[in-house]
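Here's a quick briefing to read with the model open beside you. Have a look at the fold, then work through the points below.

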Amino acid sequence: MALDIIIGAQWGDEGKGRITDLLAAQAAIVARYSGGDNAGHTVTVAGEIFKLHLIPSGIIHPGVICLIGNGTVINPAVLLREMAALAARGVDIGPHRLKISRSAHLITPAHVALDKAKEAQRGKDAIGTTLRGIGPAYTDKTGREGLRAELLADPEGLADHVHEHIARANDVLVKIYGAETLDATAVAAQFADYAQQLQPYLVDGSVLIDEALRHGRDVLAEGAQGTFLDLDHGSYPYVTSSWPTAGGALIGLGVGPNKVRRVIGVAKAFTSRVGSGPFPCELSGAEAGRLRGTGENPWDEYGTTTGRPRRVGWLDLVLLRHAVRINGLTEQVITKLDILSGLEKLPVCVAYERQGERLQHYPTDLRVLAECRPIYQTLDGWQENIMGARTLADLPANARRYVEFIAEQTETAVTYISVGPGRDQVIQV
Ligand code: IMP
């Protein structure tokens with residue numbers, strides 16, 4: 001019937017996985033369209049925690065087909081590990097359920113080595129990547145030297161490509177970074193083994209989705225990362241190397257814009273980011289600790305993929321307005337509202353101030369962004385525990401006001417609010 005796209009409206013880690021999980025029940029296909037195992041999606045089902053990096057969160061729903069789309073980069077070793085972990089917990093991950101686009105690109109150990117070497121060389125200017133080889137894999141893709149998943153069905157072609165790719169990468173590793181080289185024969189043998197295991201999963205992702213849509217079924221595009229990690233529209237160069245925005249979903253799956261029904265932006269009730277780069281609303285000390293949590297709970301603000309403590313700050317509506325515009329958001333989902341319970345006052349950034357000037361729009365130039373100071377409007381907090389709320393009416397007036405304020409300021413309706421990590425801890429507005 002239609003394509004619904006789930007987008008991170010901030011710097012990633014907005015809780016997209018659980019919203020995908022919520023909407024996946026009605027979808028025929030859940031598809032990842034960008035990024036790779038830099039992403040980490042935590043889904044809690046009946047108290048069981050699933051941490052997914054590559055496989056769409058829809059896999060938890062029996063009967064839903066999960067596609068890893070052409071816009072993604074896949075480390076086969078990670079994918080196979082993730083498949084094995086799911087299988088061990090009784091999740092069906094057969095080729096009738098899990099599909100890999102033939103045009104997706106592969107991440108090799110050379111991409112990982114290059115990511116590490118580049119980050120080490122950048123020193124204090126490091127981007128703070130997840131060191132998963134994402135940037136180098138996309139560099140090869142845009143440089144037209146990448147390895148596409150279709151090679152997994154062509155043993156000879158795969159071996160040739162791996163040998164050439166490792167030879168090229170070794171050159172760079174040695175000459176530019178003084179790093180250790182990789183053994184092309186060993187990598188080729190590894191990839192031959194991956195190919196045997198993954199070949200049955202290969203499909204034309206665009207055709208798969210088109211057929212579902214033609215049969216009146218719904219498709220859910222599951223975002224990874226967030227708008228501000230987008231290569232074009234994020235805080236460049238402190239971004240990832242793909243397009244986590246709505247345009248990226250169309251390219252990353254091979255679907256036309258006329259098929260899109262909803263573009264759902266997911267935003268946390270506050271802001272977080274991992275990695276480097278300016279962050280106008282960033283907090284430090286006890287205030288940051290209060291939003292971040294201690295790390296004891298899986299939903300505390302520590303990276304799912306890297307375990308790094310996330311940088312945190314108050315909600316930034318300048319960011320959300322940018323996300324609404326760039327993605328054409330039709331609605332928003334606010335997650336983690338419960339984390340704000342107990343705070344007396346809730347500052348919300350409504351604009352930036354730079355050299356005496358008020359900025360309404362997110363500046364694309366990072367040097368300008370680095371000089372921006374948040375202009376806060378402070379709302380009253382609430383003391384009640386809201387984790388049991390299931391309707392808007394269950395929320396204290398100030399919590400409702402907080403959500404209304406976001407909708408007003410971004411001119412975009414809020415359709416869901418999450419108030420806890422459990423599958424049922426969601427309010428449909
Ligand atoms: P890369 O994607 O590993 O190249 O990392 C580039 C930037 O994106 C770094 O700041 C990472 O911390 C950030 N990043 C990548 N994936 C995620 C994610 O899933 N959540 C949050 N940040 C991410």
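Two strands count as paired if DSSP finds at least two bridges between them. Strands (E, at least two residues) and helices (H or I, at least four) are DSSP runs, numbered from the N terminus. This is a predicted model, so keep in mind that local features need pLDDT of at least 70 and side-chain atom pairs count only at pLDDT 80 or more, while totals for chains, interfaces and linings use all residues. Residues are numbered from 1 along each chain as its sequence is written, and side-chain values use heavy atoms, with hydrogens and water left out.

- Ten strands make an open sheet with mixed pairing, in the order 9-7-5-2-10-1-11-15-19-20.
- Strand 9 (202-203) and strand 20 (426-428) sit at the edges with a single partner strand each, so one side of each has no neighbour in the sheet.

**Helix 7**
- Helix 7 spans residues 205-214, and its buried residues include Gly205, Leu208, Ile209, Ala212 and Leu213.
- Looking down the axis of helix 7, the buried residues fall within an arc of 130° (taken from the directions from the helix axis to the C-beta atoms), so they line one face of the helix.
- At the helix start, a side-chain oxygen of aspartate 204 comes to within 3.1 Å of the backbone nitrogen of serine 206.
- After helix 7 comes glycine 216, with a positive phi near 80°.

**Serine 272**
- Serine 272 belongs to strand 12 (residues 271-273).
- Is serine 272 buried or exposed? Serine 272 is buried, because its relative accessible area is 1%.
- The side chains of serine 272 and lysine 268 are joined by a polar contact of 3.0 Å (a pair of N or O atoms within 3.5 Å; within protein, one must be able to donate a hydrogen and the other to accept it, and residues adjacent in sequence count only if both atoms are side-chain atoms).

Conventions. Buried < 20%, exposed > 50% of the residue type's maximum accessible area, 1.4 Å probe, protein only.
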